[in-house]
Amino acid sequence: MIRVSGPRAAEALTRLAGPLPTPRRASLRQIADPDRGWLDEALVLWFPGPNTATGEDCAEIHCHGGRAVIRAIETALERGCGLRRAEAGEFTRRAFLNGRMDLLEAEALGDMLSAETELQRAVLASSAGGAASSRLAEWREEVLAASAAVEQELDFSDDDQGDLPPAPWRGALEEIGAQMDQWLATPSADRLRDGLRIVLAGPPNAGKSSLFNAILDEAAAIVSPIAGTTRDVIERPIALGGVPFLLVDTAGLRGEGADEIEQLGIMRAEGELGRADIILWLGPEGEGPAEALEVASMSDLPGAARKGQGAFHVSSTTRDGLADLIAHLVTLGRERLPKPGQVAVSRRQKERLADARESIRRAAGEDDLLIAGEALRQARHAMDAMLGTVATEDMLDALFGRFCIGK
Amino acid sequence: MQHYPIIVIGGGHAGVEAACVGARMGVRVGLVTMNASKIGAMSCNPAIGGLGKGHLVREVDAFDGVLGRAADVGAIHYRMLNRSKGSAVWGPRVQADRKLFGAAVRAQVAAEETLDVIAGEAAALVLEGGRVAGVELADGTRIGCEAAILCTGTFLGGILFRGEETFVGGRVGEGSAARLAAQLREAALPMARLKTGTPPRLDGRTIDWSQLDEQPSDDELWTMSPLSHGRANPQIFCAITRTNARAHEIIRANLSRSPLYSGAIGAQGPRYCPSIEDKIDRFGDRDGHQIFLEPEGLDTPLVYPNGISTSLPTDVQEDFLRAIDGLEQVRVVEPGYAVEYDHVDPRSLDRWLQLRSLPGLYCAGQINGTTGYEEAAAQGLVAGLHAASVVLERNPPALDRANSYIAVMVDDLTLHGVTEPYRMLTARAEYRLRLRANNASTRLTPLAIEAGCVHEERRAWFEVRAAARADVESALAADYGPAEMRALGFGATDDAGRQPLRDWTRFPGIDLSALQYAGLVPRETDSALLEEIGEDLHYAPYIARQDAELRELRANEQVALAPDFPFTEVPGLSNEMVERLSRARPDSLAQAGRVAGITPAAMAALLVYARKYHESRAA
């Protein structure tokens, strides 16, 4: 499908497909270019602005899928109609600029477009569709009402209006705060986008790389390349049971005696452990980081060490035990990633939400109305920043920056 | 032909401040007024200050303005409103004796050597080459000028309403500047109408004070201006009474005779200061509304009943008043009335209140759709400061929303326009924790000194105070350990560690006056200054949280939108946004963000386009 957006959409559609069809109705047309002749038979749709996806006039040409056909139509649009290919993220960007979506929706859409697993898509769809934004807007209204109640007490108390009973506002704030806590407790969309980090750790020759490859064989590979794989830490994005993971193999952990290069690798490995969501520990039982899953590898070898209760015994060669380990990882992943229906926002958005939450907490517990009023104002400011109402260079750079590198 | 660099038209509170600030800066100013003896008259409530308004008085005073000191000279009752709340929303308010206040204003006007009062009616503006070049009086005299400041209050096209009667005029007994209004209308200035009202004036000798609650003047000897001292006059008390069901019944039965309800007045009045008719109609479930009975002066029996402005017919006013406790025998000296008047849409003004379409012409005060002496005075100050700065080829002081209520008001007016008479409220100032009434001098007097608009007395006072402040600040910066603090009699445990004195004030029982008593802060420090520094310390953590926001604001202020910025050319701006922005004419991205209804998307579009536009122009 080819989508055209902008003031010349009507002209372009008319040139290739004849008179404009009824808005928002598919109609079958012959696609022909005055200079190049007949190109294809296709369904075309016409969407007059501003109530369109981008806020501009839009046209869609649902043509046959062959590359040559698509290229011919594109060429006709470029040469004959003076259009150009959209830049990365440009439709979203225009939708934002034309007020068709707010920052929260635009970010979620950006993430959703790059979703590779069903879980990613399902979670982000509700944010992109505006569910998160409308909830946020409701909270903002409530906070605004609380602000108004505080201001009434501050600015009119000595006036006649002052003998109006003060409106109850603290209770409403506590309720909003509790709802915000739920959002905050949900893992951020960044984890969803990048996958949960599973780090394989243990001394050299513990079987990490074999297990790494064995899990990779079981996984649906995620194609998008991640920058920086040419390190001694190897990362592979994978999907297990529809859950996105980032599988990380580290250099072996060893104490003294390692040479300088190895030492560097070990330091990186230790850094990886700090960022890990799940650690598979292949070393001697009990010597790995706390919370690591104990894995005994090479379980097919007669001399292999046995680990105690709760450990996974896996053979990378015979694949014994691998299915159990993977099933456990999927379970953990489902627990630790946002679920469909939950609202997942980016880490940056979460930071702002945490600011708003903290301000609301302060306001609800503050006896000095003046300070409470200020805390509420700051809460609104943080929420406005989430929706993009507070436009700053930072916000725009962050927003448009991501589309340039993303889809 | 006579010539003044600046001519101010109108001798109300805006006109007086505009004329006097010009004169303080050494510019020759002509103040044209219909009646020189009415300069500084208080046409409504004889009170100065209040919530939000008190901040404006102190700010005007910080520029060495007239209002604060005149209020102190005339004051017969001081009250700090909102004292139970945080100090940033305290509202200093005085009631002033009309005669004493007016005389004090006129004395300050007379003392300005470069200020001439010109008695006469400004009938028309003289325009040359698209600029203001002079003013023509009703008797045909022409006076040349470089800048004219219109401070005509409600006198432009004013109509008074009382019951079924209407009169033409700005205030009872005075004419309306109808010809000037007609000329402004012809000049295609965007004009609209608003209304305001005033209550009846009562004869205090016919009020039974004995059955009413008294409200005495504050015991604390604070003043409106730090240059005033103590109490100039004996202080009187006010009293409080309430409307009641019987009074409401009388009003309700006669609503149809009020011009507000008969349809005679179409203009919007202030929501926050409704007429008693409005209160009864809109808050019908309330069983009573407070009335503050405020004496108008020391040698007059007149009493101003605050809270019951009305335009009901005279007989109805008398009837409902006499239904109220303490007013059973009351005599109405001057019935209340409503005024409908023209105002200029302030969105046609720049941020110094100069008309964009007519350089050299400024509008200040009620003509811009505001209400209140304080709002008027602050605008007069702004217009006068700028007009004189232009004459002297100096930069006017940098006022913004983070340093003054004055700038908050001008920004609100010129960006949003008005839909009801604009009154200052502390809620309008988003950075109000730093904008306290009691730190106005600290915030603004340095700017005033730089602008050259303060007399020697203020400068000398400020320098002494700044030195005292610096002494306290350096005392607070010194480090003390727990043992030292204990030796001075303060409770301190060793885990507190060694820290600057300012941080010790966070501990219970350690405040500035205790430190002063212990001799750690200079003993001679003035208590008002110490209180101000104490509040700075108290609010510091909250103010620090605003820093990121202020950096953002200032960054967006750096993104300038030129006067001819082509909003219509910005891709992605809807027609509605283009219209709003074209009318408000924001001069920076920060201002654009404050225009009502401007979406984040519109801001983004503006920012992207402004970058390109100014880069291409710079190239």
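**Close-up views of a predicted model**

**Figure 1. The largest nonpolar core and Phe63(B).** The largest nonpolar core holds 105 residues. Six of these touch the most other members: Val8(B), Ile48(B), Phe63(B), Phe101(B), Ile149(B) and Leu361(B). Helix H10 (residues 373-392) of chain B gives the most to this core, with 10 residues. A second, separate core has 38 residues. Its members include Ile176(A) and Ala372(A), along with Val89(B) and Tyr542(B). In soluble globular proteins, nonpolar side chains tend to be buried together.

**Figure 2. A six-stranded open sheet in chain B.** The strands are ordered E14-E15-E16-E17-E13-E18 (chain B), and the pairing is antiparallel. The edges are strand E14 (213-215) and strand E18 (332-334) of chain B; each pairs on one side only. From one strand to the next, the twist averages 40°. E14(B) runs antiparallel to strand E15 (residues 238-242) of chain B, joined by three bridges. Here Asp213(B) stands opposite Ile240(B) in E15(B). Strands of a sheet pair through backbone hydrogen bonds, either parallel or antiparallel.

**Figure 3. The two sides of helix H2 in chain A.** Helix H2 (residues 67-81) of chain A has 15 residues. From its first C-alpha to its last it reaches 20 Å, close to the 21 Å expected at 1.5 Å a residue. Four of its residues are buried: Ile73(A), Ala76(A), Leu77(A) and Cys81(A). They cover an arc of only 95° around the axis, so they lie on the same side of H2(A). An α-helix has 3.6 residues a turn, so residues three or four places apart point the same way. On the other side of H2(A), Arg67(A), Ala68(A), Arg71(A) and Arg79(A) are exposed. The buried residues pack against helix H1 (9-17) and strands E1 (2-5), E2 (27-33), E3 (37-47) and E4 (58-62) of chain A. Just after H2(A), Gly82(A) takes a positive phi of about 70°.

Figure 4. Leu16(A) is found in helix H1 of chain A. Its relative accessible area is 2%, so Leu16(A) is buried; the cut-off for buried is under 20%. Leu16(A) and Ile73(A) are 57 residues apart in sequence. In space they are 8.7 Å apart, C-alpha to C-alpha. Leaving aside neighbours within four places in sequence, Leu16(A) is in contact with Ile73(A), Ala76(A) and Leu77(A), and also with Gln30(A), Ile31(A), Ala32(A) and Asp33(A). Ile73(A), Ala76(A) and Leu77(A) are among the buried residues of H2(A).

Terms used: Residues numbered from 1 in each chain as written. Chains lettered and ligands numbered in written order. Predicted model: local features only at pLDDT ≥ 70, side-chain atom pairs only at ≥ 80, totals over all residues. Heavy atoms only, no water. Core = buried A, V, L, I, M, F, W, Y, C linked by side-chain atoms within 4.5 Å. Buried < 20%, exposed > 50% of the residue type's maximum accessible area, 1.4 Å probe, protein only. Pairing = 2+ DSSP bridges. Axes fitted to C-alpha atoms, helices over the stretch in contact; angles between N-to-C directions. Expected span 1.5 Å × (residues − 1). Arc of directions from axis to C-beta. Contact = heavy atoms within 4.5 Å.
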